[in-house]
Amino acid sequence: AGFDPVLQEGIETKDGNVTLMGGFGETVDYDHLLAEKVDFVVSAHTFEHIVDPRMTLERLKPHLAERFDFVIEVPSSVSMVDQVRMDQVFPQHVNYYSPASMAALMKPLGLHLVKSEHNFRYWGGTQLLFFSNYRSASEPPVGVKLASVMESIGLFAHAIDIAQKQLRHGEYHSRYAFGAAQMLPILAYHMGYDYFCETISAIIDDNLARQGLFFPALDVPIVGSTDTTVADSQIVITALDSSKALVQRAIDMRAMSIVSPVGIL
């Protein structure tokens with residue numbers, strides 16, 4: 001059984017033994033959805049979107065078996081802070097978790113952290129956390145200190161300031177953003193919308209579905225690489241999670257200068 005807000009509230013579909021219901025963790029009808037108590041729960045990139053995760057867990061608690069496991073995948077606040085990726089703070093995510101804060105959230109359910117793994121190739125660092133109320137804990141949960149967060153905010157602001165100065169320096173045929181990433185508007189916000197629109201001629205992206213379109217509040221067209229002359233131009237990487245590939249692509253296209261707003265690749 002599962003639920004997802006992609007479906008409208010209360011809408012139910014069945015495929016064999018699988019039942020899927022539309023709704024949020026705060027509102028879904030567990031009594032109707034679950035025929036028996038569950039001993040395994042998996043949640044992938046959901047908890048960062050939940051306004052009140054503790055209330056959500058409390059509603060689920062009566063439907064959990066005596067022995068159960070809980071697997072959660074969420075973006076890693078540890079990686080975000082360590083890598084100075086404050087551009088990953090955006091409105092869709094209302095909570096940010098470390099293994100320690102997630103362990104504190106799970107403690108009222110009698111759960112403890114058994115194992116965690118990080119995937120640094122996804123969003124700069126996503127974490128898979130395995131909780132159980134009966135298996136042996138194998139590692140202490142890692143947390144994030146406020147001082148580290150404040151330091152990361154300062155370093156990020158400094159990096160953006162340097163990128164702005166680099167984009168002002170030199171004479172180029174044009175200046176392009178490379179990558180119409182989902183979170184490009186967040187990066188443009190930190191750089192300044194007016195500054196971004198005045199500086200960048202176009203956003204290069206070879207996804208045909210994006211070409212000819214615009215981001216909200218950004219008067220900069222999205223174009224394909226074949227529609228631009230990059231050889232004598234300056235490139236700013238704006239799909240930061242694809243920086244490695246895009247830097248190499250910009251080199252192959254003979255860009256004269258490449259700017260990365262945040263230094264880690």
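Guide: Welcome! The axes of α2 and helix α4 (residues 99–106) come within 10 Å of each other and cross at roughly 40 degrees. Axes here are lines fitted to C-alpha atoms, for helices over the stretch in contact, with angles from 0 to 180 degrees between N-to-C directions. This is a predicted model in which local features need pLDDT of at least 70 and side-chain atom pairs pLDDT 80 or more, while totals for chains, interfaces and linings use all residues. Residues are numbered from 1 along each chain as its sequence is written, and side-chain values use heavy atoms, without hydrogens and water.

Visitor: Why is α2 called oblique to α4?

Guide: Under 35 degrees counts as roughly parallel, over 145 as roughly antiparallel, 65 to 115 as roughly perpendicular and the rest as oblique. The crossing is at roughly 40 degrees, so α2 is oblique to α4. Their crossing is also right-handed, the near helix being turned clockwise from the far one by less than a right angle.

Visitor: What makes the contact of α2 with α4?

Guide: P53, R54 and L57 of α2 meet A104, L105 and M106 of α4, contact being heavy atoms within 4.5 Å. Five of these residues are nonpolar and one is charged, with no polar ones. For the classes, Ala, Val, Leu, Ile, Met, Phe, Trp, Tyr, Cys and Pro are nonpolar, Asp, Glu, Lys and Arg charged, and the others, Gly among them, polar.

Visitor: And why are α5 and α6 described as they are, oblique or roughly perpendicular?

Guide: The axes of helix α5 (residues 146–168) and helix α6 (residues 184–191) come within 10 Å and cross at roughly 80 degrees, and α5 and α6 are therefore roughly perpendicular to each other. Touching there are F156, I160, Q164 and L167 from α5 and L187, H190 and M191 from α6. That contact has five nonpolar, two polar and no charged residues.

Visitor: Which residues line the largest cavity?

Guide: P75, S76, S77, M80, Q88, F90, H93, Y96 and W123 do. By class, five are nonpolar, four polar and none charged.

Visitor: What about the largest pocket, and which element gives the most to its lining?

Guide: The largest pocket holds about 900 Å³ of space, volume being the space filled by probe spheres set on grid points joined across faces, edges and corners. Its lining has 32 residues, with A1, G2, F3, V41 and V42 nearest the centre. β1 (2–4), α1 (30–33), β4 (38–44) and α2 (53–60) each give two or more residues, and β4 gives the most, with seven. Helices (H or I, at least four residues) and strands (E, at least two) are DSSP runs, numbered from the N terminus. The lining divides into 18 nonpolar, nine polar and five charged residues.

How values were computed: On a 1 Å grid over the protein atoms alone, a cavity is a set of points where a 1.4 Å probe fits but cannot get out, and a pocket is an open set with protein on both sides within 12 Å along at least five of seven lines; lining residues have an atom within 4 Å of a point.
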